[in-house]
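Here is a short walk through one protein chain. Please keep the sequence and the model side by side as you read.

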Amino acid sequence: MNSERVQDLGDKIIEKIKTIYDPEIPVDIFELGLIYDVFVSESNDVKILMTLTSPNCPVAETLPLEVEEKVKTIDEVNNAEVEITFDPTWTQDMMSEEAKLELGFL
């Protein structure tokens, strides 16, 4: 699989993820730094490693499913799976400059 195609698909996945917002914070989950990694296999199976702002996050059950479902809507994606991790633990330092600005941290 050529790397340009993987990069294009990766970009589409990131754009899709940027449409998903934490319900308590007016910033998308990518800018919040909740997405740790996106893996794309030869057969276009996608695995997303992400975290939540806290283990008792009110959307712990629904947010990973929303990410999976939205990523699966991309034509080239065969399947999508989200793995939740708390290592490393999420901190405000993981937010993008844009998110920090939006939330008044800069």
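The report below goes from the overall fold to charged side chains and then to some local backbone details.

## The model and its conventions

This is a predicted model, in which local features need pLDDT of at least 70 and side-chain atom pairs count only at pLDDT 80 or more, while totals for chains, interfaces and linings use all residues. Residues are numbered from 1 along each chain as its sequence is written, and side-chain values use heavy atoms, with hydrogens and water left out.

## Overall fold

The protein chain has three helices and three strands, and from the N terminus on these elements follow the order α-β-β-α-β-α. With a radius of gyration of 14 Å, close to the 13 Å that the globule rule gives for 106 residues, the protein chain is as compact as a globular protein of that length. Here the radius of gyration is taken over C-alpha atoms, and the globule rule is 2.2 Å times the number of residues to the power 0.38. Helices (H or I, at least four residues) and strands (E, at least two) are DSSP runs, numbered from the N terminus.

Taken along the principal axes, the box filled by the C-alpha atoms is roughly 40 × 25 × 25 Å. Of the 106 residues, 36% count as buried. Buried means under 20% relative accessible area, exposed means over 50%, and partly exposed lies in between (1.4 Å probe, protein chains only). The areas themselves come from the Shrake-Rupley method with a 1.4 Å probe, and for residues only the protein chains shown count as cover.

## A negative patch

Look next at the surface, where Glu4, Asp8, Asp11 and Glu15 gather in a patch of negative charge. Glutamate 4 belongs to helix α1 (residues 3-17) and is exposed, with a relative accessible area of 60%.

A few rules stand behind the patch. Its members must have over 30% relative accessible area and no salt bridge, and like charges are joined within 9 Å (for nonpolar side chains, that is Val, Leu, Ile, Met, Phe, Trp and Tyr, the limit is within 5 Å). Lys and Arg count as positive and Asp and Glu as negative, while His and the chain ends are not counted. The place of a charge is taken as NZ of Lys, CZ of Arg, CG of Asp or CD of Glu.

## Salt bridges

How many salt bridges are there? The count comes to four, where a salt bridge is a side-chain nitrogen of Lys or Arg within 4 Å of a carboxyl oxygen of Asp or Glu. One of them joins lysine 12 to glutamate 76, with the closest N and O atoms 2.4 Å apart. This pair links distant parts of the chain, 64 residues apart: lysine 12 sits in helix α1 and glutamate 76 in the loop between α2 (62-72) and β3 (79-84). Lysine 12 is partly exposed at 39% relative accessibility, and glutamate 76 is partly exposed at 34%.

Another salt bridge brings together the side chains of lysine 18 and glutamate 31 (3.3 Å, N to O). Both residues lie in the loop between α1 and β1 (35-40), so the pair ties together parts that are 13 residues apart in sequence. Lysine 18 is partly exposed at 26%, whereas glutamate 31 is buried at 9%. Lysine 47 and glutamate 83 also form a salt bridge, their closest N and O atoms being 2.7 Å apart. Here the link runs from strand β2 (residues 45-50), which holds lysine 47, to strand β3, which holds glutamate 83, 36 residues apart. Lysine 47 is partly exposed at 31%, and glutamate 83 is partly exposed at 34%.

## Strand residues

Is methionine 50 buried or exposed? Methionine 50, in strand β2, counts as buried at 0% relative accessibility. Its C-alpha atom is separated by 13 Å from that of glutamate 66, 16 residues apart along the chain.

Phenylalanine 39 lies in strand β1 and is partly exposed, with a relative accessible area of 41%. Phenylalanine 39 and leucine 49 are ten residues apart in sequence, and their C-alpha atoms are 8.3 Å apart in space.

## Backbone details

Two loops deserve a look. In the loop between β1 and β2 you will find asparagine 44, a residue other than glycine with a positive phi, near 65°. Asparagine 44 counts as buried at 10% relative accessibility.

The peptide bond from aspartate 87 to proline 88 is cis, with omega near 5°. Proline 88 is in the loop between β3 and α3 (97-102).
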